[in-house]
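Please look over the sequence and the model below before reading on.

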Amino acid sequence: MNSATRAAHDPSRTSHYVTDALYRDVVAWFTDWQREDRAVTDAAARDTFRRLVEREARLLDNDLLEEWAAMLAPECIYWIPASANGGDPRREITITFDDRRRLEDRIYRLRTGYAWSQKPKSRTVRLVGNVEAFICRHDPQARMLRSNVLISEFRGFETRCLAGWCAHRLRERAGGWEITVRQLNLIDCDRNLRNPSVIL
Amino acid sequence: MLEKIRTAPAPIVRPNAAYDYDELVQEDRVHQLIYTDPAIFTAEMTHVFGATWVYLAHESQIPKPDDFFTTRLGLRPIIMVRDAQGQVRALFNRCTHRGTTLCRLERGSARMFRCPYHGWAFLNSGKLQTVPWRDGYACDFDDPKFNVAQVPRVESYRGFIFGTLNMAAMPLTDYLGPISGPIDEWLDRHPGGRVVIREANRLMYRGNWKLAYDNSSDGYHVIFSHRSLLETENRLAEEGDKGMSFYKGRPDDAPMYVAYMGNGHHFKDKRPNIEKRPGALWEIEGAAPGTEHVEGELRRKLGARALEALDLCASEPVNINVFPNLSILGNHIQVIEPLSVDTTNTTWYGTAVVDEAGIWGDAIHDINALRMRTQEQFPNFGEVDDLANFEEIQRGLAAQEDEWVYMHRGLGVPGRIRVADNGVITAPATDEVFMREYIKEWRRLMRTPPQLSIRREP
């Protein structure tokens with residue numbers, strides 16, 4: 001790949017990786033994956049993954065969105081299904097199915113100063129817990145995490161709670177782990193949501 | 001069997017009997033009470049969401065016999081069902097015994113609805129089928145009064161299913177009138193002239209339902225309310241002409257226009273801003289996940305026909321608003337659902353292209369996958385800011401001594417507004433004439449005592 005082609009395929013600027021194959025993989029990775037026989041039991045490994053989701057929560061709560069986005073792979077997916085079983089994003093609308101560029105759009109919009117739904121900004125605190133890790137059955141090098149999330153969001157005059165569970169797909173990068181797909185399953189994902197404008 | 005309903009003329013809880021709607025709705029402004037008063041909201045649930053045709057469902061939500069989908073007509077819980085004979089019915093989701101809702105699922109398939117409370121079971125035609133231990137009753141259960149109540153008139157226009165409780169309402173096609181033109185054009189850009197619903201972006205705001213209907217042809221707010229979206233969708237664009245960029249400068253000088261189409265319907269037509277040629281729509285579509293990949297695939301698979309396919313992935317630049325609760329916006333079918341005087345759902349159903357004739361081959365999957373992603377943009381990056389502004393209107397209106405809300409842009413400006421022979425009123429894109437006209441229709445309905453009926457199977 002020459003430098004011009006590489007620039008043309010910069011996932012922050014163009015979207016070449018959201019292919020039928022990627023959709024197929026994502027749907028397969030996120031189906032039937034929470035299996036006891038593939039659970040990670042090593043305490044040090046489990047601690048690594050717990051620290052990863054805790055760091056993510058801290059960065060999002062502190063509005064360090066660019067740092068948070070750097071935890072995701074360049075070719076990442078940020079997915080909030082609109083149906084309780086996750087659904088198939090090829091065939092149906094989701095709340096959010098962002099690739100890298102749209103995720104950066106999301107952050108850019110919040111930074112314009114004209115995103116009225118975030119003026120004033122929400123203040124959030126996230127509780128993340130029940131972190132479990134599993135070895136991906138499609139790729140033994142990849143890990144899947146399940147964690148529960150409770151987001152308390154104060155904006156304007158009131159505090160509300162958004163509850164859900166998060167599924168991360170991770171792969172190793174330079175001795176650490178990067179997030180390739182982050183799926184947030186809100187428990188009320190198929191009900192009407194008020195002002196879903198922060199990064200959840 | 002028809003039952004006329006004894007509707008109290010607007011159940012007004014205020015001491016001063018009834019409102020003077022001529023006072024509340026004036027030529028250039030409306031009183032804040034029409035957005036804030038719970039008594040007016042209660043009256044709307046019969047005068048508007050009862051006495052007019054109200055959008056209930058899309059036929060793709062109940063494609064086969066026995067399919068059902070639960071929704072509301074105003075606040076009335078409704079089971080939309082295609083019965084065993086294929087007839088579409090809007091059943092009141094209410095057991096005739098004790099009033100319990102019969103069905104608590106969002107959708108599914110059922111020949112019968114059995115009340116979870118005492119086990120009364122009804123066919124999906126609404127007819128009472130079984131009552132446990134019938135020998136404990138002296139009554140005649142063949143009396144139709146025990147069959148589930150249903151909306152007496154349910155009609156479909158090209159897949160859009162509407163219902164009314166008003167037997168005197170004009171036929172649905174007359175009610176739609178000129179707005180059926182844009183609906184036809186919107187449908188006919190798709191193969192076979194139809195779409196199917198595929199899930200939804202579901203949003204809610206703390207504000208009156210009319211704030212959404214006031215907004216949905218408003219070309220004045222775009223550059224201000226959606227500034228973050230306009231900046232975002234053009235951040236990487238060389239020409240800076242993506243999405244709604246045609247609002248930049250003076251939108252009134254652009255060829256787009258707003259129209260009042262009668263019976264409360266209004267329409268904002270942005271298509272004249274765009275050249276009539278394959279690919280013109282696609283050129284201004286903002287970036288979505290998969291854009292470059294799918295464009296490459298379609299060009300490879302379809303050659304010269306690719307542009308036409310890409311236009312199906314792009315948002316159709318229309319706002320078609322059917323009073324009181326249906327808005328066809330881009331590729332979405334948006335439904336406005338009033339929940340209380342200051343709480344409203346806006347549900348943006350996504351639509352997919354159906355290709356029964358197989359004209360697109362396996363490219364149809366690329367088209368629809370990208371179409372899902374393009375549709376997700378506006379609810380995420382645009383609608384949230386409008387809803388924040390609607391909530392701030394509702395909050396501002398708590399300053400009750402400052403009574404008036406204005407909708408007079410364009411009023412009295414010579415040469416701005418045109419009336420066609422068929423009564424359609426058109427004006428430049430930022431004009432509020434559509435608001436003034438639809439609210440007059442609202443006023444007419446609110447002044448008219450509603451004559452409502454329900455029906456039961458004989």
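How many helices and strands does chain A have? Chain A has five helices and seven strands, where helices (H or I, at least four residues) and strands (E, at least two) are DSSP runs numbered from the N terminus. Along the sequence these elements follow the pattern α-α-α-α-β-β-α-β-β-β-β-β. This is a predicted model, in which local features need pLDDT of at least 70 and side-chain atom pairs count only at pLDDT 80 or more, whereas totals for chains, interfaces and linings use all residues. Residues are numbered from 1 along each chain as its sequence is written, and chains are lettered from A and ligands numbered from 1 in the order in which they are written.

Of the 200 residues of chain A, 38% count as buried, that is, with 20 or more other C-beta atoms, placed from the backbone, within 10 Å of their own. Along its principal axes the C-alpha trace of chain A spans about 45 × 45 × 35 Å.

Six strands of chain A form an open sheet with mixed pairing, in the order E2-E1-E6-E5-E4-E3, two strands being paired if DSSP finds at least two bridges between them. At its edges lie strand E2 (96-98) and strand E3 (123-135) of chain A, each of which pairs on one side only. Within this sheet, strand E5 (residues 158-173) of chain A runs antiparallel to strand E6 (residues 176-186) of chain A, and 10 bridges join the two. Arg171(A) stands opposite Glu178(A) in E6(A).

Conventions: Buried ≥ 20, exposed ≤ 12 C-beta atoms within 10 Å, placed from the backbone.
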